[in-house]
Amino acid sequence: MRARFVAARLLSLLVAIAIAGCRTPSPVERYERWLADGQREKVAEYRGYLRAQGLADLPPMQQILRSGRRWRQCGAAEFALPPKPMWPRPRARCA
C-alpha cells in the first residue's frame, strides 16, 4: 500500500514538472522577450517622443504597442512600433 502511494506521488510530481515546463509565456514575458530582441532602444525613443508631446501619464508601453487581441489569427507580430516617419512633428507653440 505504501509503495503505491509513493509511486502515485512520484507520478503526480513528474506530471507537474512536465506541465510547468510546457506553460505558455505570459504577455509580460513575451513583451520582455520582444524588447530583448533589439526593440528596447526604439521603445525608449518612442516613449521619449510621447512624453515630449505632453503624454507623461501613459498606460504601460506593453499595452500601447500591442498590435491587437487577434494578432495570432491575423499572422501579425504581437507588439509593434509605429514607423518613425508616421510620428507627427511637434507643433510650434504660440508665444
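Visitor: What makes a residue count as buried?
Guide: A residue is called buried when its relative accessible area is under 20%, exposed when that value is over 50%, and partly exposed in between, using a 1.4 Å probe and protein chains only. By that test, 17% of the 95 residues of the chain count as buried. This is a predicted model, in which local features need pLDDT of at least 70 and side-chain atom pairs count only at pLDDT 80 or more, while totals for chains, interfaces and linings use all residues. Residues are numbered from 1 along each chain as its sequence is written, and side-chain values use heavy atoms, with hydrogens and water left out.

Visitor: How do you know how many helices and strands there are?
Guide: Helices are DSSP runs of H or I with at least four residues, strands are runs of E with at least two, and both are numbered from the N terminus; on that basis the chain has four helices and zero strands, in the pattern α-α-α-α.

Visitor: What makes α2 span only 27 Å between its end C-alpha atoms a matter for comment?
Guide: The expected span is 1.5 Å times one less than the number of residues, and a straight helix of 26 residues would span 38 Å, whereas α2 (residues 27–52) spans only 27 Å.

Visitor: Where is the kink in α2 centred?
Guide: The bend at a residue is the angle between axes fitted to the seven residues ending there and the seven starting there, and in α2 a kink of about 95° is centred on Gln39. Gln39 is also among the buried residues of α2, which include Trp34 and Tyr46.

Visitor: What do the buried residues of α2 pack against?
Guide: With contact meaning heavy atoms within 4.5 Å, they pack against α3 (61–64) and α4 (71–74).
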